[in-house]
Amino acid sequence: MTQPLNQTLLARATATLGPRTSLTIGGVVLALLLAMPLLHLLPADHPLQISAYTLTLVGKILCYAIVALALDLVWGYAGLLSLGHGLFFALGGYAMGMYLMREAAGDGLPAFMSFLAWSELPWYWAGTQHFLWALCLVVLAPGLLALAFGFFAFRSRIKGVYFSIMTQALTFAGMLLFFRNETGFGGNNGFTDFKRILGFDITAPGTRAVLFLATVALLAGSLLLGWRLARSKFGRVLTALRDAENRLMFCGYDPRGYKLFIWVLSAVLCGLAGALYVPQVGIINPSEMSPTNSIEAAVWVALGGRGSLVGPLLGAGLVNGMKSWFTVAFPEYWLFFLGALFILVTLYLPKGVIGLVRKGEK
């Protein structure tokens with residue numbers, strides 16, 4: 001337990017690659033991401049113009065990268081494998097979707113409610129026409145659910161595979177609940193056909209560019225927050241909690257508070273990612289809560305290298321990039337490929353891509 005307690009995995013990876021090299025690569029990637037929305041604003045006939053499809057695809061992958069980073073905080077550092085982060089992501093998306101549906105409906109009811117012959121808005125839709133309240137819901141919905149679930153789970157000392165199964169059951173229950181028409185969330189169709197956000201046309205190039213930049217800012221802020229936490233005493237305690245929880249308790253630490261804090265923080269980050277995902281992609285439905293999506297997130301983290309912060313971002317980019325191509329070229333074989341990828345990573349790359357790079361630099 002000496003090495004993990006004295007030096008975080010992120011610090012070791014940075015030391016291997018060299019701080020200047022890491023900063024240079026990060027700066028180049030950030031510059032490219034910041035340039036993309038500017039290139040999207042160029043005339044359509046310009047050779048450097050980036051299409052709306054490409055910008056939306058990259059923006060979607062960046063939202064998934066935030067989810068991977070959030071999962072890495074609880075799995076890579078605290079040792080809590082969650083198979084339910086798709087629920088927190090979808091809750092943030094639904095909170096933003098409620099606002100967007102109210103914007104599209106104006107003074108009337110959302111289209112799906114009119115179709116289902118609803119006479120008035122449910123009480124939990126109150127205030128959703130205000131953007132600031134929608135942002136509060138984006139944070140509160142996943143945060144409070146994670147707080148309630150984590151409080152009872154950690155107080156009961158549930159961990160390991162039992163914790164993973166419970167999180168998977170939680171997201172499956174949420175999916176079944178949102179599939180029902182009477183819950184007031186659009187049933188299996190969810191929310192779509194958004195028109196405006198803050199009064200601006202949601203499909204306008206300028207709006208797409210701002211949403212993309214907001215996603216880049218959230219990803220950079222989340223990475224910075226994770227880096228600061230990993231280098232702090234809190235991060236070292238989390239690493240010790242993952243490696244030897246009983247010995248940590250013997251030293252006088254109560255692991256429940258540490259677990260609960262990082263668990264709730266991770267859920268909130270997922271909610272924020274979902275809120276940025278919905279206006280860019282243009283739809284949110286209960287399939288986002290599918291346990292399969294949460295399992296895919298675990299694959300992103302495992303492929304990139306859990307406990308490294310940067311690794312999960314690479315994993316999310318690689319898997320979703322391959323998915324975009326594979327589902328077009330060989331749509332019926334994508335899930336088989338994903339399963340084989342996870343098996344190969346588990347057997348031959350236990351530390352992920354970051355671990356492979358680190359080994360090659362030695």
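Let's start at Ser-82, which is found in the loop between helix H4 (52-77) and helix H5 (85-105). Helices here are DSSP runs of H or I with at least four residues, strands are runs of E with at least two, and both are numbered from the N terminus. Before I go on, two housekeeping sentences. This is a predicted model, where local features need pLDDT of at least 70 and side-chain atom pairs count only at pLDDT 80 or more, while totals for chains, interfaces and linings use all residues. Residues are numbered from 1 along each chain as its sequence is written, and side-chain values use heavy atoms, with hydrogens and water left out.

Back to Ser-82, then. Is Ser-82 buried or exposed? Ser-82 is buried, at a relative accessible area of 0%; the cut-offs are under 20% for buried and over 50% for exposed, with partly exposed in between, using a 1.4 Å probe and protein chains only. The side chain of Ser-82 reaches the backbone nitrogen of Gly-84 at 3.2 Å, and a polar contact of 2.8 Å joins the side chains of Ser-82 and His-85. A polar contact is a pair of N or O atoms within 3.5 Å; within protein, one must be able to donate a hydrogen and the other to accept it, and residues adjacent in sequence count only if both atoms are side-chain atoms. Leaving aside neighbours within four places in sequence, Ser-82 is in contact (heavy atoms within 4.5 Å) with Leu-71, Thr-167 and Trp-263.

Helix H7 (residues 131-155) and helix H12 (residues 255-281) pack at an angle of about 155°, with their axes 8 Å apart. That makes H7 roughly antiparallel to H12. Under 35 degrees counts as roughly parallel, over 145 as roughly antiparallel, 65 to 115 as roughly perpendicular, and the rest as oblique. By class, the contact of H7 with H12 has 15 nonpolar, three polar and three charged residues. In that scheme Ala, Val, Leu, Ile, Met, Phe, Trp, Tyr, Cys and Pro are nonpolar, Asp, Glu, Lys and Arg are charged, and the others, Gly among them, are polar.

Next, the loop between H7 and helix H8 (161-179), the place of Arg-157. Arg-157 has a positive phi of about 60° although it is not a glycine, and Arg-157 is partly exposed, with a relative accessible area of 48%. In helix H8 itself lies Val-161, which is exposed at 51%.

Asp-193 is another residue other than glycine with a positive phi, near 60°. You can find Asp-193 in the loop between strand S1 (191-192) and strand S2 (196-197).

Last stop: Thr-207, in helix H9 (residues 205-231). Thr-207 is buried, with a relative accessible area of 11%. Not counting residues up to four places away in sequence, Thr-207 touches Ile-197, Phe-200, Asp-201 and Ile-202. Thanks, everyone!

Key:
Axes are lines fitted to C-alpha atoms, for helices over the stretch in contact, and angles run from 0 to 180 degrees between N-to-C directions.
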